[in-house]
Structures are given as C-alpha cells and as structure tokens.
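Subject: Structure for you to look at

Hello,

Here is the structure I promised. Please open it first, then read my notes below with it beside you.

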Amino acid sequence: MNKINSVRARVWNWKGPTVPPAGNFCANASDALRIHGDAMESFRFHQWLTCEVEDSHGTVGIGNAALAPRLVKNAIDEWYAPLVIGEDPFDYAYIWEKMYRRTLAWGRKGIGMTAISAIDIALWDLMGKLTGKPVFKLLGGRTKEKIPVYYSKLYAGPVEEMQEEAAQALAEGYTAFKSRFGYGPKDGPEGMRDNLKRVEAVREVIGYDRDLMLECYMGWNIDYAKRMLPKLARFEPRWLEEPVIADDIAGYVALNAMNIVPISGGEHEYSVLGCADLLRRGAVSVLQYDTNRVGGITAAQKINAIAEAFQVPVVPHAGQVHNYHLTMANMNCPVSEYFPVFDVEVGNELFYYIFEGDPVAEDGFLQLDDDLPGLGISISERHLEHFEIEE
Ligand SMILES: [Mg+2]
C-alpha cells in the first residue's frame, strides 16, 4: 500500500524589496487601539509556509499556509506530521479527523487548524498527482467554462490614485472590484466622509454595471457599521466584508438582518462547525472561509455543501489556486477573489513569488487546465535569492 513517508514544512521569509503601505490604506482590528504610529503593521505579513507531503513512491503534494508560519511549522513538526506519516494519502477524511480529534484541546481553531489545512491541501494535491487528475476533477469537476474573478486591491489612498487604479483594472477587462476602507470609528465623522468619498470615486470610474465589493477587515464596530450601512446603500455594493471582528457573530447577525447591504465574512472562522454556525444564524449573506485556515479542502468541501443547503453563495477568501479548484467544482461559488500580481506590499503577493503555475486572470476570468494533475503548481526557483528559508 502506498503510504505517506514524510511531511516537510518550510518557512519562507521574504527579504526582497517591499512597498511600504501608506497610512489608512486598510482599516483593521488594531485601529481601535491606535493612538500613534502604524496600525497597519498588524495587516502585513511577509512570511509563508510550504508543506510538502511525500508518499512511498516519491510523489510530493504541496500545501501552504500564510498565517504565523513559524508557529504552524512547529505544530506540524511536533504534532501533525507524526499523526500523518504511515497513512494512505487517499484516507484523507480519516486523516483529517485524526489530526483534528487528537489535537482538539488546543488545535481546533487558530494555529492547529491552519496546520491541518496546510497538510490537507498537500494531500489533495498528492491525490491529484497520483490519479493524474486536477483537484477540481476530484471535487466534482467543471461547473463553469471559466472562473469569473474580482479585482481585489484598491487600498484606500488618495482619491485620484484609486480612480487611476480602478481605470487601469477596468481597461484590463475586470468586471468586478473590491475596494478597502481606510477609516473607522476613531476617525470620526470626517473619516466617515472620507470613506464614502472613496466609494463614490471608484463607482464614478467603474459605473453601476459592474460589481463593487467593500472591505472593512474588521476595522469597524457594530455602532459604526449600523450608521454606515444606510449611507452605503446608494452605491449598491455587492457586499460589505468583515465589518466587525470575527468573534462578534451577533454583530454580523444584526447587520445582515438590516437587509441594506449583504454582509460577508468568514475568512477568520475555523472548521466545518464554525462556518455552519455562521450559516445557521444568518450571520453572512456571502460566506468567505479561508481554505488555509478552515481545515483545507476536505473541510471546505463540506462547508460548500452546507452553504448550498442554506443557499448562501461561497467565495473563498484569497486569490490562490486551491480556492480556484473549489470554485470551479462548486456551482454555489460564483466568483473568485483575485490578487493582481504586484510588488510585495501586504504579503499576499508572496504566493506568486513562491509558487509557479498559479493561473493569471485575463479579461476578468481565469482558467484551470483539465490535464494538469493536482493543484497545478510547483515551488519556484525564480526568487530564491529573496527568501530566507527555515527548514
Ligand atoms: Mg477580506
């Protein structure tokens, strides 16, 4: 029987050039603490984790994680790798439960579930390679000719610069756009106006025949969000993303029940039962679990089924290839988030510097290859000189 021989977790520290983000480029949960200095610090991450699972024939499946990679590596090395080695990679559901149940006391949310996610993604890549099939073909196959994407950047900045960026993206063929708010409760009525001014400015460029998503990244609170929703309605946002911190589920429920703007979220929720709770309580109108955190593809696929039963569309968080496979294989995933490739700024750009083969959007769509086994990515040699790698 084919068995898992090894699990190799590596941390990739970016040492190359970075773009310093401007102040107020994206609201975030630390804004509430801000007195002086750079609240944006908590939003940036310039590290990534790769997780390579090798079987007895030497075939390697590749997974990854973006959250606190050094801690996740420790968790994999010390706890999860020994649970997985010796198992048949096709027993993915059993392996998932084994990892979950054996570390339940500390691992069910946060670092533990992120480590489970990284291994699980690697297992799916491995199963694809062993069967000669792309992962989406193992998950249900092609439900779309190609995947519509939304341009996910437009960080808050000078209004003219945001309009130029939107015009550029429009010219490149994107038909949906996500923009970030820069201000929150601490910035008072003036900040509120600054937020609205930027939404209006982006709408001015893209018009009303294209989707506009709005992102708070947990930088608001319930009071602020309640006051903003009626003011935002006239801009017809497709959704308002993470208006309050992830633990304030009652806040999501209340805002979503206002029925003014669809509320989205879930990228900081963990596990099947965590997401099922969001759906059961009506906390979100669009669910955006993060496959890297929620428990990998095995958990994501179960959540997709639950969300479909609630008729809540799923748009997995982050423009990365594992999410594209899930989106391709599920009717209920209408669109993918897409991070256009740019210089390293926030950190989500690192995916493109570490991996080769991540599909590039053209005219607002991206495509997956029917004949490329697994996830279709490999670890790149191109930018090695810019990384410090921890084995
Ligand atoms: Mg988000």
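E54 sits in strand 2. Helices (H or I, at least four residues) and strands (E, at least two) are DSSP runs, numbered from the N terminus. This is a predicted model, where local features need pLDDT of at least 70, side-chain atom pairs count only at pLDDT 80 or more, and totals for chains, interfaces and linings use all residues. Residues are numbered from 1 along each chain as its sequence is written.

Is E54 buried, exposed or partly exposed? E54 counts as partly exposed, because it has 18 C-beta neighbours inside 10 Å. The cut-offs are these: a residue is buried if 20 or more other C-beta atoms lie within 10 Å of its own, exposed if 12 or fewer, and partly exposed in between, with C-beta atoms placed from the backbone. E54 touches N5, S6 and V60, leaving out residues up to four places away in sequence. Touching, or contact, means that the C-beta atoms of two residues, placed from the backbone, lie within 7 Å. V312 is 258 residues from E54 along the chain, and their C-alpha atoms are separated by 36 Å.

Strand 2 pairs with strand 1 in the antiparallel sense, over nine bridges. Two strands pair if DSSP finds at least two bridges between them. R8 has E52 in strand 2 as its bridge partner. Strand 1 is also joined to strand 14 (residues 387-390) by four bridges, and these two run antiparallel. There, N13 has E388 in strand 14 as its bridge partner.

**Two domains**

The domain assignment gives domain 1 (4-132) and domain 2 (138-380). Such bounds come from an automatic or database domain assignment. The C-alpha centres of the two domains lie 20 Å apart. Their contact takes 47 residues from domain 1 and 39 residues from domain 2. On the domain 1 side, the elements that give two or more residues are strand 1 (4-14), strand 2 (47-55), strand 3 (60-65), helix 2 (92-102) and helix 4 (111-131). Helix 4 gives the most to that side, with 12 residues. By class, the side of domain 1 that touches domain 2 has 26 nonpolar, 13 polar and eight charged residues. Here Ala, Val, Leu, Ile, Met, Phe, Trp, Tyr, Cys and Pro count as nonpolar, Asp, Glu, Lys and Arg as charged, and the others, Gly among them, as polar.

**The core**

Which residues touch the most other members of the largest nonpolar core? They are C51, I76, A118, I119 and F177, out of 115 residues in that core. A nonpolar core is a set of buried Ala, Val, Leu, Ile, Met, Phe, Trp, Tyr and Cys residues joined through C-beta atoms within 7 Å. Helix 4 gives the most to this core, with 12 residues. Domain 1 and domain 2 both give residues to the core, so it lies between them. A118 touches L49, C51, G63, N64, A65, V72 and I76, not counting residues up to four places away in sequence.

**Helix 2**

The buried residues of helix 2 are Y92, I95, W96, M99 and Y100. Seen down the axis of helix 2, they fall within an arc of 130°, so they line one face of the helix. The arc is that of the directions from the helix axis to the C-beta atoms. An α-helix has 3.6 residues a turn, so residues three or four places apart point the same way. On the other side of helix 2, A93, Y94, E97 and R101 are exposed. The buried residues of helix 2 pack against helix 1 (69-84), helix 3 (104-107), helix 4 and helix 12 (296-310).

**Helix 9**

In helix 9 (residues 249-257), G251, Y252, L255 and N256 are buried. Seen down the axis of helix 9, these fall within an arc of 125°, so they line one face. The face turned away from the buried side carries the exposed residues A250 and A257. Helix 8 (222-232) and strand 8 (263-265) are among what covers the buried residues of helix 9. N259 follows helix 9, and its phi is positive, near 55°.

**One loop**

E172 is in the loop between helix 6 (159-171) and strand 5 (176-180). E172 is partly exposed, with 13 other C-beta atoms within 10 Å. E172 and G364 are 192 residues apart along the chain, yet their C-alpha atoms are separated by 7.8 Å.

Best wishes
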